[in-house]
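Reader: Please take one part of this model and go through it closely, with the cut-offs for each term as you use it. I would like a single connected account.

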Amino acid sequence: MGDTHTAMGRLISRPVSDAAEAVLKGEIVSGVFAKPSDVKVAKQWLENLRAIGEKMMIVDYLV
């Protein structure tokens, strides 16, 4: 998972790892995108970051 003692290790390596796993599982297509288009996948990635102690939340200004 990378170095968990740096921001790069926590906030870049983990989502990249999640993306690679999602491609292998067929949940998303491979390529370069700003974010996953499937909300369920995005929420799972945020939950994975929460699980390692990162404080994340979804803010929806359109509600």
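Author: Asp 18 is buried, at a relative accessible area of 5%. Buried here stands for under 20% relative accessible area, exposed for over 50%, and partly exposed for what lies in between (1.4 Å probe, protein chains only). The model is a predicted one, in which local features need pLDDT of at least 70 and side-chain atom pairs count only at pLDDT 80 or more, while totals for chains, interfaces and linings use all residues. Numbering runs from 1 along each chain as its sequence is written, and side-chain values use heavy atoms, with hydrogens and water left out.

Asp 18 belongs to helix α1, residues 7-25. Helices are DSSP runs of H or I with at least four residues, strands are E runs of at least two, and both are numbered from the N terminus. The chain has two helices and zero strands.

Leaving aside residues up to four places away in sequence, Asp 18 touches Trp 45 and Asn 48; a contact is heavy atoms within 4.5 Å. With Asn 48 there is also a side-chain to side-chain polar contact of 3.1 Å. A polar contact is a pair of N or O atoms within 3.5 Å; within protein, one must be able to donate a hydrogen and the other to accept it, and residues adjacent in sequence count only if both atoms are side-chain atoms.

Asp 18 also has a charged partner: its side chain and that of Arg 14 form a salt bridge, 3.1 Å from N to O. The term covers a side-chain nitrogen of Lys or Arg within 4 Å of a carboxyl oxygen of Asp or Glu. Arg 14 and Asp 18 are four residues apart in helix α1, which means that about one helical turn separates them. Arg 14 counts as buried too, at 17% relative accessibility.

Both Trp 45 and Asn 48 are among the buried residues of α2, together with Val 41, Leu 46 and Leu 49. These residues cover an arc of only 155° around the axis, so they are on the same side of α2. The arc is taken from the directions that run from the helix axis to the C-beta atoms. The buried residues of α2 pack against α1. Val 39, Lys 40 and Ala 51, on the other side of α2, are exposed.

Helix α2 itself runs over residues 39-51, 13 residues in total, and spans 18 Å from first C-alpha to last, close to the 18 Å expected at 1.5 Å a residue. That expected span is 1.5 Å times one less than the number of residues. Just after α2, Gly 53 has a positive phi of about 100°.

How many salt bridges does a search of the whole structure find? There are two. Glu 47 is partly exposed at 39% relative accessibility, and Arg 50 is partly exposed at 31%.

As for the chain, buried residues account for 19% of its 63 residues.
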